[in-house]
Amino acid sequence: MITRRTQVALLAASLLLTGCGGGAVAGTQGTPLPSQEPSEPSPSPSSEMSVEVAPQQIPGLGPKTWAKVPADARQAVVVTGRGRDSSASTVVLYERTEAGWQAGASWPAHNALKGWTDHHLAGDLRSPTGVYTLTDAGGLLKNPGTKLPYDRGVGFTAPGTGFEGEPLAGSFDYVIAINYNRQPGTSPLDWTRPLGAGRGGGIWLHVDHGGPTHGCVSIAEDHMKKLLLTLDPDLHPVVVMGDAKSLAR
């Protein structure tokens, strides 16, 4: 028998500067929803909640991952990898409303050739798992209208071919810097590496070229453009990324 309150649904579906490790030309810049019954306490991410409202935490995220999501984040790009060693993943943009976290469309994506890691190193061909803020964007093409600071320039040229022989041209037409081992508030092309060069960097969301990346996450150009138009600095967007098992920890 379905009661008015049920458990929160968990485990739902979810460049290097030089172009995810190889390719770009160096550039120049850089209250939870109140309970339906006021006398009852508001639900926490792991408690029961009313079936009449959206989840108070993002489905698929375990307590360790959820604890890293900033309290002021109102937008979250969730990248869920198919497996620890897989380069296939799915991207969903969640937005927090007064009713809870609402999921947008689900988009196919690529991540690094060898999958995911909790300790990313330069050249390991794995994408870093974790929760990172999103503050800066750029690309070879003109600003499509994003509210994020946008750096346009030839530094976003992506020559050569990918791991499956696919051309990389156009991969950096639009990019969003993932704030892993970089200085927020600078161009995605900025070389500053707070953790040191050995920990890699230049991890971006960028246009998909039809194959695995060196460390970035890539989605179709139309989806990148939509993401750029949707993300709002005032909503403190983050990316939550990793294979499904790691995110569920």
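Modeller: Buried means under 20% relative accessible area, exposed over 50%, and partly exposed in between, with a 1.4 Å probe and protein chains only. By that rule, 49% of the 249 residues in the protein chain are buried.

Colleague: What kind of model is this?

Modeller: This is a predicted model, in which local features need pLDDT of at least 70, side-chain atom pairs count only at pLDDT 80 or more, and totals for chains, interfaces and linings use all residues. Residues are numbered from 1 along each chain as its sequence is written, and side-chain values use heavy atoms, with hydrogens and water left out.

Colleague: How many helices and strands are there?

Modeller: The protein chain has three helices and 14 strands; these are DSSP runs (helices H or I, at least four residues; strands E, at least two), numbered from the N terminus.

Colleague: Which residues have the most contacts inside the largest nonpolar core?

Modeller: They are V77, I176, I178 and L227, in a core of 27 residues. Such a core is a set of buried Ala, Val, Leu, Ile, Met, Phe, Trp, Tyr and Cys residues joined through side-chain atoms within 4.5 Å. Elements giving it two or more residues include β3 (75-81) and α2 (221-230). The largest share, three residues, comes from α2.

Colleague: Which residues of α2 are buried?

Modeller: M224, L227 and L228 are. They lie on the same side of α2 because they cover an arc of only 100° around the axis, taken from the directions from the helix axis to the C-beta atoms.
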